[in-house]
Amino acid sequence: MTDIQLLEACFLPLDRRTPSRSMFFRIIGRDAEGRIPALVDRFRTLAEANGASLEGLPNPREEEINRFYQEVGGKFALDLPLIARQATLWLGQVRAAERPRLCKAVYDALSLLRERGANEHILKNVYTKFMCWLRGPLGRVLSKLGNGEPPKVLFLGDLSKHEAFFLCLLHQAGCDVWYVNYLSSGSYDKADPEGRFSTKVSGGLLSAPPPPAPPPPPPPPWDGAGRDLDINQWVDQPVWEAVVLPYSQRAAAPGKRGSVFAVLLGADERKTYRNRLFALKRALDAAPRAWMLMEQKLPPPTPAETEAFRIGDRRLSRPQLLRALAERMPAGRSWTPLAQRALALAMEPFPDKNENRFFNYSVRLACWLRRCAEQLFQNPGDGFPPALVYYGPITEPEVSLLWALAQMGADVLYVSPEKTDAFAKHFLPPVWLEAGFENSLPAEPFPRREEKTLERTTAYDAAQELNQLLYSDTGMFRDRQFARSQPVTLKTTYDEVGQLWPEEAQYRPSFRTEAGVVYVPNLFAKICGVDKGDLDLYWEKIRAMVTPNTHLITALPFWEKQPPDGGMNPTEARAFLHDGRIDPKAIMASRLYRYGYLPEDTQNYILEKIQALMDYDLIVNGGPNVLPVMLSALMNLDKELLRLLQSFDFTRTIPKLLIVDVTETMFALEECILLAFLNLVGFDIVIFTPTGYRNLETHIRPDSFNTLTVGEFYYDLAVPDLRTRRPAGKTGWLDRLFGL
């Protein structure tokens, strides 16, 4: 069978092929007669319609990688059952019958990489990349696996080693794959030097086919549209007031239609801010105008929407491609020329040089523009421009949509109580007005009713102004200024433990605040032996460390295995764990939840740190059920510890856990879990072990705490009452250090 016949066989259904299987060709060069380019164009048409046409696969964005780990967990091993479980969660578009074949293809590709020297870190990164590509650029292809006609995947130009392995994976999963490079086989040969992945088809000429000569372009159909628009130039009052005005009250230039495009970031006092939003909604509802509220990320275009913008030949120049897309806007609508112009203006500065990404971005924007225009401009209203209010988190594509709608003459407001740099980093010119507040609020649903407010007095406003003056980048902190913290465990000497123990967090080395988070320098130390062999001084040192905010433990074991009445046991805890992630909402709604009386920020902080403990590698030898044991143990904390945690002001006095262990008892798993959790919360933890025996090392990684050995080892000691005051006239360890 000739090369041409081999390629033509790829257009047959599986039941007419011999053998009946998918095909993978690498086509290097072209023939002088043009038969190979013609077949490539035919294959490209099928790939664009029902598969994928690629000219490079971008590395997944950080948000895609984070979403993958959130949905399937952060575990990775070159293990087929694990890949199958994660693919079930992540790749829902794959039919169950086809999933084993796809997972085996992923496993085989990674195994081959490992044979070529890839370590576990590289394998995990490549696996994550493959899974993001499968759900992103190849998502449409996966739903067609297992059909009588395999989905088509075309890859043009040079490719990387990982892209070559990915094409091999797709072929093994059931796709017809053509790799085409008219100029060279060099990049492919580096990835597959033995030519194992694919069948080679060679052309006699190593040069690109000549592109068709473009016809001279006529004027665009939107020529002259939008000349009567005045975006923001007329605005001389607050945006909240300007946006509700009719055309007749907007001071635009003669013959111009004034519109507003503004970005409002941050918030002031919560109820006042939300009432301002509600008043805006009420004013927009009351006016005879069409308007939309968007408070969720826009769903991607449906296949029916993208079908209207399907273009077979993408070898056009960018201006030609934009014009072709714009001309597919619905004909005969009053808003069509405005939408065409807005699409062209928004996509002209697109910075990515990859033409496939440019096309996909343009199609998405065109679909969204049409969707919004049909709601806003079909019957725009009497005497008012249509309006769109976008509320909440936003990504780059949605910013492009808002910018384009503003170019059509709509009033566009982006409102976010949380600060974002999505507009500042955008590639489009900043034609928007920017206003807002210094502070931020957590995102909440857009208000549906007016909030009951407290009216501020003059004294209150003065106090707030003083707070702003005193506590903004001055190194001074007001009470409970921060709601988030991150521990920075200090590696210290024995003497520094005593020096740092009474110090507030803000005066310790490595203390800092950043983006609303306090980095709390804390202690986690095990002290072995008795300094200088002086027991009286030893007990005096420990007694001096017992403060009102110290949780003291002198008897072991200190953990009750049986949970208290109504507490959560490990078996019950499993219901709230999914792939290593806890379900905070389900936990807080459970009858087993015992922390509902605590302030909401304290509850959220506890659950956040429980998840952090599960994510970090602090606990060892925990067994296969360690995560349910963690959750169960930390859902049954001692009331005294909870009170210390609730009262913890991250910039000030640090709560403390002090353990004196004179026994041969090893710490239980639950006890080590508690210590590791309190370390992540920010507690100072010191374990005095005069015997020098092992205790917390059974289940806590030794490199996560300091082990300090001083003096002689003592055995069979009895612990005295460490909470009694020292007799008058005696000076202790801390006294001598600090001159008290």
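**Exposure, pairing and cores in a predicted model**

Trainee: Why is Arg270 called partly exposed?

Mentor: Arg270 has a relative accessible area of 29%. Buried means under 20%, exposed means over 50%, and partly exposed lies in between, with a 1.4 Å probe and protein chains only; Arg270 is therefore partly exposed. This is a predicted model, in which local features need pLDDT of at least 70 and side-chain atom pairs count only at pLDDT 80 or more, whereas totals for chains, interfaces and linings use all residues. Residues are numbered from 1 along each chain as its sequence is written, and side-chain values use heavy atoms, with hydrogens and water left out.

Trainee: What makes the pair of Arg270 and Glu444 a salt bridge?

Mentor: A salt bridge needs a side-chain nitrogen of Lys or Arg within 4 Å of a carboxyl oxygen of Asp or Glu. The closest N and O atoms of Arg270 and Glu444 are 2.8 Å apart, and the pair forms a salt bridge. It links distant parts of the chain, 174 residues apart: Arg270 belongs to helix H11 (residues 270–286), and Glu444 to the loop between strand E12 (433–436) and helix H17 (458–470). Helices (H or I, at least four residues) and strands (E, at least two) are DSSP runs numbered from the N terminus. Glu444, at 27% relative accessibility, also counts as partly exposed.

Trainee: How do you know that Glu295 and Arg448 tie together separate parts of the sequence?

Mentor: Their side chains meet in a salt bridge at 2.3 Å, N to O. Glu295 lies in the loop between strand E9 (291–294) and helix H12 (303–307), and Arg448 in the loop between E12 and H17, so the pair ties together parts that are 153 residues apart in sequence. Glu295 is partly exposed at 27%, while Arg448 is exposed at 52%. Elsewhere, salt bridges that share partners join Arg17, Lys152 and Asp176 into one network. The structure holds 34 salt bridges.

Trainee: Why is Cys10 said to be in no disulfide?

Mentor: A disulfide is a pair of cysteine sulfur atoms within 2.5 Å. By this rule the count comes to zero disulfides. For Cys10 the nearest cysteine sulfur, that of Cys175, is 11 Å away. For Cys672 the nearest cysteine sulfur, that of Cys528, is 14 Å away, and Cys672 is likewise in no disulfide.

Trainee: Are Cys10 and Cys672 buried or exposed?

Mentor: Cys10 has 0% relative accessibility and therefore counts as buried. Cys672, also at 0%, counts as buried.

Trainee: What makes strand E15 a mostly covered strand?

Mentor: Six of the six residues of E15 (residues 517–522) are buried. Val517, Tyr519 and Pro521 point one way, and Val518, Val520 and Asn522 the other way.

Trainee: How do you know that E15 pairs with strand E13?

Mentor: Two strands pair if DSSP finds at least two bridges between them. E13 (residues 484–489) and E15 have six bridges, in the parallel sense; Val517 in E15 is the bridge partner of Arg484. Strand E14 (residues 512–514) pairs with E15 in the antiparallel sense over three bridges, and Tyr519 in E15 is the bridge partner of Arg512. In the hairpin of E14 and E15, two residues stand between the strands, and Ala515 takes a positive phi near 55°.

Trainee: What makes a group of residues a nonpolar core?

Mentor: The members are buried Ala, Val, Leu, Ile, Met, Phe, Trp, Tyr and Cys residues joined through side-chain atoms within 4.5 Å. The largest such core has 64 residues, of which Ile610, Leu613, Leu631 and Phe677 touch the most other members. Among the elements that each supply at least two residues of this core are E15, helix H22 (600–615) and helix H25 (669–681). H25 gives the most, with ten residues. A second, separate core of 58 residues includes Ala324, Ala342, Leu369 and Phe427.
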